[in-house]
Amino acid sequence: MSLPLSGHSVARFGPASFLVHRRSVAVAAALLVLLFGAVVASLCLGESSVSPASVLDVLLGRPSPDQLVVGELRLPRVTVGLLVGLALGLAGALIQTVARNPLASPDVIGVSHGASAVVVGLMAFGYVQTARQVPWVAVAGGLAAGLLVYLLAWRRGMHAQRFVLIGIGISIALSSLTSLFLTKGDGLQAQQAKVWMTGSLNGAGFDQSGYLAWVLLASVPAVLWAARAQRSISFDDSTAVGLGLRLNRIRLGTALLGIVLASCATGAAGPVDFVALMAPQIAVRLTRGAQLPLCCSALTGAVVVVLADLLARRLLAPVELPVGVVTALVGAPYLMWLLIRSRRGGS
Amino acid sequence: MHRLEARGLTLAYESRTVVEELDLTVPDGAVTVIVGPNACGKSTLLRALGRLLRPVRGEVLLDGAELAGTPTRKIAQRIGLLPQSPVAPEGISVGDLVARGRQPHQSWWQQWSAADEQAVTEAMARTSTTELAGRSVDELSGGQRQRAWIAMALAQDTDILLLDEPTTFLDIAHQVEVLDLVRRLNRERGRTVVAVLHDLNQAARYADHLVAMRDGRIVAQGPPAEVVTAELVREVFGLDAVIVPDPVTGTPLVIPGAPWAG
């Protein structure tokens with residue numbers, strides 16, 4: 001069937017029909033292949049190199065002499081990186097959709113700063129003792145900061161520009177608070193908090209980060225819902241309401257989903273900056289669609305974090321950098337480019 | 001019974017009252033044009049008719065039911081609206097834009113039906129945007145873009161169409177093209193159209209029912225030939241003018257006086 005909207009196909013299952021953007025599907029498939037390659041490379045490379053064949057043996061559960069290095073040491077770390085990347089890419093796409101602004105992302109509008117401030121505060125003064133407590137505290141802090149920004153930006157409706165500006169303001173305030181905690185806290189604990197702050201997958205394992213997989217799985221229906229709503233919230237408010245959208249409800253739902261995902265990711269690995277900012281913009285340039293692609297943004301985020309962590313481990317080996325340092329090295333110039341471009345009157 | 005009605009409508013932004021105690025019955029199957037000086041409340045009234053603005057007092061009735069109590073999606077199946085300066089998603093193609101007008105008729109698991117296909121194809125044919133389908137909306141000329149937006153409102157397939165200054169930013173040829181299109185839609189498909197227009201002469205030419213507003217009140221309404229008089233123009237716009245018949249259509253044509261011409 002020929003469609004008036006180019007680049008789309010219709011998938012029909014009985015009475016149900018779904019619009020599919022063909023290029024997005026192709027990009028998602030390519031990203032999956034790339035992600036698999038990045039994961040295998042990450043499992044191969046390290047202090048001791050392991051052959052890809054041996055890595056595949058471990059992944060498929062076949063006996064292998066490298067079971068300890070690959071299965072016990074590297075796999076948990078890579079998996080957590082992958083999950084964090086998925087969650088951050090997705091969160092970035094959702095928040096940028098609501099804010100209609102490529103500058104908005106959970107790490108710009110205060111979510112990761114909120115998580116950091118609360119975790120560092122409680123860690124530095126010895127209230128958080130075990131790694132198991134960190135995610136819960138981070139999620140609570142991120143949610144509180146995100147919702148605070150949302151409420152402050154709310155005045156008879158959500159204004160996108162106000163949302164970003166208030167978010168940046170709150171982020172700065174929370175960063176100062178974090179610095180204060182770091183200097184005032186007890187020596188050793190403050191040091192520990194500092195390491196967490198740079199966003200590291202070093203020593204990350206399933207037991208304290210496995211919850212992220214469940215959160216991602218549970219968010220699938222909500223993401224499908226958001227993907228549909230996305231088709232109309234990228235219009236101006238009047239047009240969106242004219243199309244029958246309950247705009248405020250949809251904005252709140254989308255933002256909330258983004259805030260929860262970003263908080264959970266921060267809880268698992270500390271603030272890994274700039275991933276949520278970059279991933280959706282890279283993805284949309286690949287798909288060339290009319291809205292930020294949710295699935296492709298998540299996959300891009302995962303590729304970015306897995307590759308960044310590989311770089312972080314191998315760049316100055318045997319010294320391991322925190323993954324957040326690598327993403328910041330790439331992300332900060334990108335943010336500057338965005339700012340310069342928007343000052344020149346770009347969108 | 002008329003399908004769209006306003007009763008005792010008071011509209012305000014924050015605490016500034018713009019429209020007060022206004023009653024309006026929109027005639028079915030006709031083109032109604034609202035005119036008036038800047039800030040007279042005409043766009044505000046149109047926004048309220050399209051449930052974009054909640055009345056402070058009074059009500060808007062659609063098929064006898066209060067708009068405020070009707071699910072917004074149900075309203076979207078009966079009222080289509082084109083705001084003054086709509087914003088399209090970045091990089092969207094014309095075909096995709098028009099297709100999104102089908103949103104109120106679709107659901108999560110029914111994203112594209114034969115009816116959607118037909119409505120979109122027809123809307124694009126009517127507005128001569130078919131050959132633009134693959135083009136990006138960003139790169140269209142003003143006239144083409146406005147036709148694409150009208151096509152989207154048409155694809156929504158509603159009996160009532162609200163247009164807020166659909167000719168602003170267009171040159172005269174494109175203004176006429178858009179208004180001719182609106183008129184044809186009304187004549188050929190029986191759509192009820194309510195439009196806000198800036199140009200009194202265009203309003204007189206295209207309206208079946210003309211509504212003249214000033215300071216948030218309706219000063220006069222009826223067929224243009226009866227409503228547009230020298231007294232009304234003076235009262236509503238504060239302008240001295242001569243009214244002559246339009247040489248082409250015979251509708252009233254407002255010629256402003258020229259005090260400087262001695």
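Me: What makes helix H5 of chain B count as mostly covered?
Reply: In this predicted model, 11 of the 14 residues of H5(B) are buried. A residue gets that label if 20 or more other C-beta atoms lie within 10 Å of its own. Among the buried ones are Arg145(B), Trp149(B), Ile150(B) and Leu154(B).

Me: And what covers the buried residues of H5(B)?
Reply: The cover includes strand S6 (79-82), helix H3 (94-99), helix H4 (114-126), strand S7 (160-164) and helix H6 (172-189), all of chain B. Just after H5(B) comes Asp157(B), with a positive phi of about 55 degrees.

Me: How do you know that the span of H5(B) agrees with what 14 residues should give?
Reply: Take 1.5 Å a residue, and residues 142-155 should span 20 Å. The end C-alpha atoms of H5(B) are 20 Å apart, so the two values agree.

Me: Why is strand S9 of chain B called largely enclosed?
Reply: Because 5 of the 6 residues in S9(B), which covers 209-214, are buried.

Me: Which strands pair with S9(B), and in what sense?
Reply: Strand S3 (residues 31-35) of chain B pairs with S9(B) in the parallel sense, over 4 bridges. There, Val35(B) has Ala212(B) as its bridge partner. Strand S10 (residues 217-222) of chain B runs antiparallel to S9(B), and 5 bridges join them. S9(B) and S10(B) make a hairpin with 2 residues between the strands, where Asp215(B) takes a positive phi near 50 degrees.

Me: What makes strands S11 and S12 of chain B a pair?
Reply: Two strands pair if there are at least two bridges between them. S11(B) (residues 241-245) and S12(B) (residues 252-256) have 5, and they run antiparallel, so they qualify. Ala241(B), for instance, has Pro256(B) as its bridge partner. These strands form a hairpin too, with 6 residues between them, and Gly250(B) in the turn has a positive phi of about 80 degrees.

Me: Where is Gly8(B), and what does it touch?
Reply: Gly8(B) is in strand S1 (residues 4-13) of chain B. Leaving out residues up to four places away in sequence, Gly8(B) touches Glu21(B), Asp23(B), Arg57(B) and Gly58(B). From Gly8(B) to Val60(B) is 52 residues in sequence, with 8.8 Å between their C-alpha atoms.

Me: Over to chain A. How do you know that its radius of gyration agrees with that of a compact globule?
Reply: A compact globule of 347 residues would have a value near 20 Å; chain A has 21 Å, which agrees. Its C-alpha atoms fill a box of roughly 60 × 50 × 40 Å along the principal axes. Buried residues make up 51% of chain A, and its secondary structure comes to 15 helices and 2 strands.

Me: How confident is the predictor about chain A, by pLDDT?
Reply: The average is 86, and 96% of the residues score at least 70.

Me: How many residues of chain A are in contact with chain B?
Reply: 25 residues of chain A are in contact with 35 of chain B. Strand S2 (16-21), helix H10 (220-233) and helix H11 (237-242) of chain A each give two or more residues to that side. By class, the side of chain A touching chain B has 10 nonpolar, 10 polar and 5 charged residues.

Key:
Residues are numbered from 1 along each chain as its sequence is written. Chains are lettered from A and ligands numbered from 1 in the order in which they are written. This is a predicted model: local features need pLDDT of at least 70, side-chain atom pairs count only at pLDDT 80 or more; totals for chains, interfaces and linings use all residues. Two residues are in contact if their C-beta atoms, placed from the backbone, lie within 7 Å. Ala, Val, Leu, Ile, Met, Phe, Trp, Tyr, Cys and Pro count as nonpolar, Asp, Glu, Lys and Arg as charged, and the others, Gly among them, as polar. pLDDT is the predictor's confidence in each residue, from 0 to 100. The radius of gyration is taken over C-alpha atoms; the globule rule is 2.2 Å times the number of residues to the power 0.38. A residue is buried if 20 or more other C-beta atoms lie within 10 Å of its own, exposed if 12 or fewer, and partly exposed in between; C-beta atoms are placed from the backbone. The expected span of a helix is 1.5 Å times one less than its number of residues.
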